Amino acid sequence: MTFDIDFGTPAPHAAWLPDEAFAAVGTRRLALDAAAPTATDLDRAVLASLVTELDRATGTHGGAVVGAADSPDLVLRLEPGSATSPPDGFTVARTDGRPTVTARTPTGLLHGWFHVVRRGEAAFTGPEGTEQHAPAAALRMLDHWDNVDVHPVMGQVERGYSGGSIFYDAGVVRADLTRVTAYARLLAAVGIDRACINNVNVHAREARLLTDDLPEVARIAAALRPYGVRTHLAVSFAAPMTLGGLPTSDPLDDAVRAWWRDAADRVWAQVPDFGGFVVKADSEGQPGPFAYGRDHADGANLLAEAVAPHDGLVHWRAFVYNHTQDWRDRSTDRARAAFDHFAPLDGRFADNVVVQVKHGPLDFQTREAVSPVLAAMPRTRLALELQVTQEYTGQQRHACYLGPWWSELLRFAPWGADDGTTGGGTRVADVVTGHGPDAAPGVAAAGGGGIAAVSNVGDDRFWTGHPFAQANLYAFGRLTWDPTLDATDLLDEWITLTFPDTSADLRAALHAILDDSWRTYEAYTAPLGVGFMVRPGHHYGPDVDGYEYTPWGTYHFADRDGIGVDRTRATGTGYTGQYPAPWRDVYESLETCPDDLLLFFHHVPYTHVLHSGVTVIQHVYDTHFAGVEQVEAMVARWEEVAAEVPDDVARRVRERLAEQLRSAVEWRDQVNTYFLRKSGIPDARGRTIY
Ligand code: GCW
């Protein structure tokens, strides 16, 4: 399947940093007080960017002074000795209407600068006082599934829906990396501080980033560095063999250990502020420790030992499952796999290993339960992995604002309420920031493993294909900084910055289109948490049985009587037993299992009555009709306000919304028809089903 996408002119869209966003700071007198010497390349590069930032802001509007201005309106002060702010954080003190931003590091000061920019006039006019700001997650990362070579099936960017890679073009690192620096600037403005620059499926060409191509990696790192973003590389577990010519990659082999130590030494020699390695092992064909009868702690610790002398990190993914399953075998449950492989290893991972866990036990579905691994490893630094790229949520052809979903995930309380009130317990956001119950001292001290996500950018003019998908990248970054932020407020921030002089009508329209768009997407796709039903391979559009008889372990088990996966302890795969109380019982029982996850946990007849009062089959029909109506309303609402935004934005959004409507109708008709044929039960409201 191909899509005709007009990626427009090469000049990238300003996204949330148009000149107008700097109006409040640009018309004021700004002072950068950073006389103190700075220690590292990173510090120096970021400080230089701050100077550029102030120049650019004031140059745009004129009339302001950069430097030690007399009676400045805003002071940015670097105080390396100050103990009041954490390394990436900052303090804003406002007296006499004048804000002073103080930070210990240039990166902290940069975050403070973008904070003031975001607040606009309010930064200068709000109540006086002192505020401290620090990121909740110590590690705030974006993973790029970018290939150096164009992969024959996956293209330049695996699951990329925004054109080519910003880093690579047909086999080489791009000569001109100015766009990479522009990207780092956008990331800094939302708080992201790390980027893994290549696909976790490491093919032969990409493996060489670790050796022959290190000078090119150093160029990318230099392009990200000015905005405080540190570079990580995805590496292949088989690299000692494929690159080093050794006969084995056994993690306990001395020659293998020496090879990795040398490899790490070479990387840090070229990139002194390199972040570390990301690994997908024993997953979907990637090599791993299982080949040698070793486990994933052995594998991760091998790399951890190699990077430790450089204070490096290993992000080791928990996405390990059997992708050559027999669909006839109902006892194997892919959802169990990450927990079964990793929970028993808790306590065995080195301090500089982060185990990176997909938010759900399956695979970034539009709705699935929260991964029980997040509640099972208090002695391990766990990171939450999200997907900003919309592989399963409309591939940036559908408007689908994911902020509300991520908020829900970060606020999920794996142990339920601990103070007698609903939702009052420890949350996923606490676990991944090192504040989970029984967190080992090392985990707490390191601030856990943080939050990572697969990026959605490419060389598309709008960065993200769908201009509205920018809001997802924006919200992701802001939530890593503060997981308690409200998703609707974040959308509002994005609107304010991205569409200068937003009218009340445009703002209302964007909220009307986007606020509930994730639930709208859910309504017209796979019902009640059952997942998939996408076309195999590219994963776009409906194919109810597309994965039903495949080896991938993603089944819905629909027959003439019912649908869903029995994951109970009583009669099913036992997956519910991976949760602590109360969820192990809440999910186990049909009485208490939430409707939106019903088919994730239970196989029920079509006539089963939901808590909402309707039957499963009627729910399928109702949501699919309603979902399409909601998309029709989105299209109509956009037409009312499109004239208020630049033509290119209006056109791109219109083209995408038309495709979303076509696709939603296709989903509605295939899903409804499929279940009418299976169940023989007509729609109670007599609507057209084919
Ligand atoms: O969802 C699946 C994707 C693969 C991806 C894999 C993963 C990088 O379809 O394209 O591979 O997840 O997360 O490793």
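1. Helix α18 (517-524) is mostly covered, with 7 of its 8 residues buried; buried means under 20% relative accessible area, exposed over 50%, and partly exposed in between, with a 1.4 Å probe and protein chains only. The buried residues of α18 are Ser517, Trp518, Thr520, Tyr521, Glu522, Ala523 and Tyr524. Their cover includes α12 (403-411), α17 (504-514), α21 (616-641) and α22 (647-679), where contact means heavy atoms within 4.5 Å. Helices (H or I, at least four residues) and strands (E, at least two) are DSSP runs, numbered from the N terminus.

2. Two remarks on the basis of these values are in order. This is a predicted model, in which local features need pLDDT of at least 70 and side-chain atom pairs count only at pLDDT 80 or more, while totals for chains, interfaces and linings use all residues. Residues are numbered from 1 along each chain as its sequence is written, and side-chain values use heavy atoms, with hydrogens and water left out.

3. The structure holds 34 aromatic pairs. Rings of Phe, Tyr and Trp (its six-membered ring) pair if their centres lie within 6.5 Å; planes under 30 degrees apart count as stacked, over 60 as edge-to-face and the rest as tilted. The pair of tryptophan 16 and tyrosine 474 is edge-to-face, because the ring centres are 5.3 Å apart and the planes stand at 75°. Tryptophan 16 lies in the segment before α1 (23-26) and tyrosine 474 in helix α15 (residues 470-481), so this pair ties together parts that are 458 residues apart in sequence. Tryptophan 16 counts as buried at 1% relative accessibility, and tyrosine 474 is buried with a relative accessible area of 1%.

4. Phenylalanine 468 and tryptophan 494 also form an edge-to-face pair, because their ring centres are 6.5 Å apart and their planes are at 85°. Phenylalanine 468 belongs to the loop between β17 (451-454) and α15, and tryptophan 494 to helix α16 (residues 487-498), so the pair ties together parts that are 26 residues apart in sequence. Both phenylalanine 468 and tryptophan 494 are buried.

5. Ring pairs also link Phe412, Tyr575, Tyr579, Trp583, Tyr587, Phe600 and Phe601 into a cluster. Proline 582 lies in the loop between β18 (562-563) and α19 (583-588), and the peptide bond from alanine 581 to proline 582 is cis, with omega near 5°.

6. Phenylalanine 557, in the loop between α18 and β18, has a positive phi of about 60° although it is not a glycine. Phenylalanine 557 is buried, with a relative accessible area of 16%. The charged end of arginine 330 sits over the ring of phenylalanine 557, 3.7 Å from its centre; the criterion is NZ of Lys or CZ of Arg within 6 Å of the ring centre and within 35 degrees of the ring normal.

7. Tryptophan 463 likewise is not a glycine, yet has a positive phi of about 75°. Its place is in the loop between β17 and α15, and tryptophan 463 is buried with a relative accessible area of 4%. The charged end of arginine 461 sits over the ring of phenylalanine 462, 5.3 Å from its centre.

8. The ligand is surrounded by 15 residues, of which Glu158, Lys280, Arg317, Asp363 and Glu391 are the closest; a residue is near a molecule if one of its heavy atoms lies within 4 Å of it. An oxygen atom of the ligand is 2.6 Å from an N or O atom in the side chain of lysine 280, and a polar side-chain atom of aspartate 363 lies 2.7 Å from a ligand oxygen atom.

Conventions. Polar contact = N/O pair within 3.5 Å; in protein donor to acceptor, adjacent residues only side chain to side chain.
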